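Please take a moment with the sequence and the fold before reading on. The paragraphs below then go through them step by step.

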Amino acid sequence: MSLLTILEYPDPRLRTKAEPLTEKDFTPALQQQIDDMFETMYAAPGIGLAGTQVDYHNQLIVMDVSEDKNQPRVLINPEYTPLEPTCELMQEGCLSVPEYYADVERYVRIQVKALDRHGQPQEFECDGLLAHCVQHECDHLKGIVFVDYLSRLKQDRLRKKLIKQKA
């Protein structure tokens, strides 16, 4: 396994919309990509990582929101549906936006449909941190970064700060 480079905001590649994986994509190379993404996510450390964040523009998410980091999940071609209209604010961070956190409103309970790492369908309901994480990572697959939910002023300040830090 190897650590992958995580793209950092405002890298334009984070805006790329990910393509669905097809049956022919379930190869040893995909399994290696999944393993590398888990290694990268755990090392960062984080609780979720979308393919887009490591310049892999297919619909692939790895996550593990467990305290002991022993419940890895793979979501391929994920879709979610709110189970109720209720939303809640939760503080989010992002491996692509290091050391920055903000409250983001997301659905409280969702139904998730996706393929697992072997192409088998999976479906589950979730709430709390897992629901927020799924929605956050699905946004990445659409080219959306959580800072897009902030005011334009906060986005501009953050962009300038990060560009200045890199200079």
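The structure is a predicted model, in which local features need pLDDT of at least 70 and side-chain atom pairs count only at pLDDT 80 or more, while totals for chains, interfaces and linings use all residues. Residues are numbered from 1 along each chain as its sequence is written, and side-chain values use heavy atoms, with hydrogens and water left out.

Helices and strands are named here by their DSSP runs, numbered from the N terminus (helices are H or I of at least four residues, strands E of at least two). Helix α1 covers residues 28–43, and because its 16 residues at 1.5 Å a residue should span 22 Å, the 22 Å between its end C-alpha atoms agrees with expectation; the expected span is 1.5 Å times one less than the number of residues. The buried residues of α1 are L30, Q31, Q33, I34, D36, M37, F38, T40 and M41, where buried means under 20% relative accessible area, exposed over 50%, and partly exposed in between, using a 1.4 Å probe and protein chains only. Among the elements that cover these buried residues are β1 (48–50), β2 (60–63) and β3 (73–82).

Helix α2 can be checked in the same manner: its 14 residues should span 20 Å at 1.5 Å a residue, and its end C-alpha atoms, 21 Å apart, agree with that. This helix is mostly covered, since 12 of its 14 residues are buried, including H132, C133, H136 and H140. After α2 comes G143, which has a positive phi, near 85°.

A polar atom of the Q59 side chain lies 3.3 Å from the backbone oxygen of A18, and the contacts of Q59 beyond four places in sequence include A18, P20, L75, P78 and L141. E79, in strand β3, counts as exposed because its relative accessibility is 55%; not counting residues up to four places away in sequence, E79 touches Q111, V112 and K113.

The largest pocket holds about 440 Å³ of space. A pocket is found on a 1 Å grid over the protein atoms alone, as an open set of points where a 1.4 Å probe fits, with protein on both sides within 12 Å along at least five of seven lines, and lining residues have an atom within 4 Å of a point. Its lining has 24 residues, of which G46, I47, G93, C94 and L95 lie nearest the centre. Helix α2 gives the most to this lining, with 6 residues.

Definitions and conventions:
Points joined across faces, edges and corners; volume = space filled by probe spheres on them. Contact = heavy atoms within 4.5 Å. Polar contact = N/O pair within 3.5 Å; in protein donor to acceptor, adjacent residues only side chain to side chain.
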